[in-house]
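User: Hi, I'm new to this one. Could you walk me through it?
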Amino acid sequence: MPIADAELSAAEDFRRTLASYDMESLIDLLYARRERAITDLREALTALRTDLDAQSAGHQRLLALLTARTAGGHR
């Protein structure tokens, strides 16, 4: 099946699926998907923040070590 036919078939399947829902069910489905996307984004941002905090702590330790060595006359 050519790509255009496959896309039309998928679009028709999606249209039929949407037609099988009433409006309230579609709204509920969309809100549930929205909430899941928000939760996924929050989890990803939390993980990123944790990684950045750990990286920053490592940089702070390195900076302290270099500062101590420089202050002690070691270059």
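User: How much of the protein is buried?

Analyst: Buried residues are 1% of the 75 residues in the protein. Here buried means under 20% relative accessible area, exposed means over 50%, and partly exposed is in between (1.4 Å probe, protein chains only). Keep in mind that this is a predicted model, where local features need pLDDT of at least 70 and side-chain atom pairs count only at pLDDT 80 or more, while totals for chains, interfaces and linings use all residues. Residues are numbered from 1 along each chain as its sequence is written, and side-chain values use heavy atoms, with hydrogens and water left out.

User: OK, what secondary structure does the protein have?

Analyst: There are two helices and zero strands. Both kinds are DSSP runs numbered from the N terminus: helices are H or I with at least four residues, strands are E with at least two. The radius of gyration of the protein is 27 Å, well over the 11 Å from the globule rule for 75 residues, so the protein is more spread out than a compact globule. That radius is taken over C-alpha atoms, and the rule is 2.2 Å times the number of residues to the power 0.38.

User: And what box do the C-alpha atoms fill?

Analyst: Along the principal axes, that box is roughly 75 × 35 × 10 Å.

User: Switching topic: how many salt bridges are there?

Analyst: The count comes to six, where a salt bridge is a side-chain nitrogen of Lys or Arg within 4 Å of a carboxyl oxygen of Asp or Glu.

User: Which residue pairs with Glu12?

Analyst: One partner of Glu12 is Arg15, with their closest N and O atoms 2.6 Å apart. The two residues are three apart in helix α1 (residues 3-19), which puts about one helical turn between them. Glu12 is partly exposed at 28% relative accessible area, and Arg15 is partly exposed too, at 46%.

User: What about Asp13?

Analyst: Asp13 forms a salt bridge with Arg16, and the closest N and O atoms are 3.1 Å apart. Asp13 and Arg16 are also both in helix α1, three residues apart.

User: Where does the Arg49 and Asp53 pair lie?

Analyst: Arg49 and Asp53 sit in helix α2 (residues 23-71), four residues apart, about one turn of the helix. Their closest N and O atoms are 3.2 Å apart. Arg49 is exposed at 55% relative accessibility, whereas Asp53 is partly exposed at 41%.

User: Which residues are joined into one network?

Analyst: Glu12, Asp13, Arg15 and Arg16 are, through salt bridges that share partners.
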